[in-house]
Number of protein chains: 2
Amino acid sequence: MSAALPPAPPLRQALEVALYASDLEACAAFYDKVIGLERGPEVPGRHVFFRLGDGMLLLFNPEASARPPGNPALPVPPHGAQGPGHLCFAAERAAIAAWAARLRAAGVEIEAEFDWPNGARSLYIRDPAGNSIEFAEPGLWARDPGG
Amino acid sequence: MSAALPPAPPLRQALEVALYASDLEACAAFYDKVIGLERGPEVPGRHVFFRLGDGMLLLFNPEASARPPGNPALPVPPHGAQGPGHLCFAAERAAIAAWAARLRAAGVEIEAEFDWPNGARSLYIRDPAGNSIEFAEPGLWARDPGG
C-alpha cells in the first residue's frame with residue numbers, strides 16, 4: 001500500500017508528549033518543583049504544559065481534555081487516557097545519579113534502577129498520578145551500542 | 001522545597017514517548033506503513049517500538065505492559081493506559097500539507113486542520129487505536145512566535 005501513497009515527509013521529533021493526571025495540580029507541582037521543568041501555558045482544571053527542550057510536555061486532566069472543543073476556530077480534538085502512562089527523559093549516567101540523589105531527597109521512591117544488556121542505565125519513578133517516569137541514557141537506543 | 005534539594009540536571013529531550021493500542025499489530029502496521037516510521041525492537045503481543053529521531057516511539061498493548069516484569073535482572077515497572085492518548089510530531093508547513101495528501105490517499109480522515117493564533121499550523125488524525133495524533137509546526141511553541 002505504502003508504495004502507492006505520496007511520500008512520507010521525515011519525522012524526527014515529538015513536538016508534544018502527553019501525560020494524564022486526574023489530580024492535575026498535584027502532578028503539575030511535581031513536574032515544576034521536583035523535576036524542575038519550566039511551566040508554560042495552562043488552563044486551570046484542564047492542563048498545564050511544560051517546556052522540554054524545543055518541545056512540550058503536556059499534562060492533562062483526562063476528564064477535561066476528553067470533552068469536545070468549545071471554540072469553533074480551534075477545534076482541538078478531544079483525548080484523555082486513564083491509568084499509568086510512560087515517559088522517558090534522556091539523561092547521561094552522571095545526570096541519572098544526580099537525579100537519584102535529588103529524587104530521594106524529595107521523598108520520591110526509586111522503583112527500579114539497572115543497566116540494560118547494552119550497558120545503558122535506566123532509573124524509574126512514579127509521578128503523583130502513577131505514570132511510570134524513566135530517566136535513561138540516550139545510548140540505550142543507539143544503533144551501535146558500542147559506538 | 002526545591003531550594004533544599006540537590007540540583008536538577010537539565011532535561012531537554014523525551015527519549016521515549018509511549019502510546020497504547022489493544023490491537024497492537026493493526027496499530028503498529030499504521031505507524032509502519034502509513035506514518036513510515038522505522039520498526040525497532042518488538043515483543044509480539046506486548047510492544048512494537050519505532051525509531052523517531054534519536055529516540056523511540058513505544059507502542060504498547062496496555063493489557064500486556066501492565067503485567068509485572070518477569071525478569072529479575074530487568075525489573076521494568078508496569079504501566080498501561082486505556083483510552084485515547086495524544087502525540088504531536090514536529091513538521092514544517094509544507095510537510096504538513098504533504099502529510100495531509102498522504103493521509104487522505106491512505107484513507108485516513110483529517111479530523112482537524114487549522115492555524116493557531118501565533119500562525120503555526122496543526123493537523124490532527126486518529127491512529128487505529130483512537131489516539132489523537134497531531135502534526136504541528138515547531139513554531140507553535142517558539143518563545144518568540146515572531147522570530
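A salt bridge here is a side-chain nitrogen of Lys or Arg within 4 Å of a carboxyl oxygen of Asp or Glu. B:E38 and A:R143 form one through their side chains, at 2.7 Å from N to O, and the rule finds two salt bridges across the interface of chain B and chain A. This is a predicted model, in which local features need pLDDT of at least 70 and side-chain atom pairs count only at pLDDT 80 or more, while totals for chains, interfaces and linings use all residues. Residues are numbered from 1 along each chain as its sequence is written, chains are lettered from A in the order in which they are written, and side-chain values use heavy atoms, without hydrogens and water.

Let us turn to the interface as a whole. In contact (heavy atoms within 4.5 Å) are 72 residues of chain B and 72 residues of chain A.

Now for the sheet. Strands are DSSP runs of E, at least two residues long, numbered from the N terminus, and two of them pair if DSSP finds at least two bridges between them. Eight strands form an open, mixed sheet, in the order β6(A)-β7(A)-β8(A)-β5(A)-β1(B)-β4(B)-β3(B)-β2(B). Because β6 (112-115) of chain A and β2 (38-43) of chain B each have a single partner strand, they stand at the edges, and one side of each lacks a neighbour in the sheet.

Where do the chains join within it? Strand β5 (residues 86-90) of chain A pairs with strand β1 (residues 14-20) of chain B, antiparallel, over three bridges; there, A:L87 stands opposite B:V17.

Conventions:
Helices (H or I, at least four residues) and strands (E, at least two) are DSSP runs, numbered from the N terminus.
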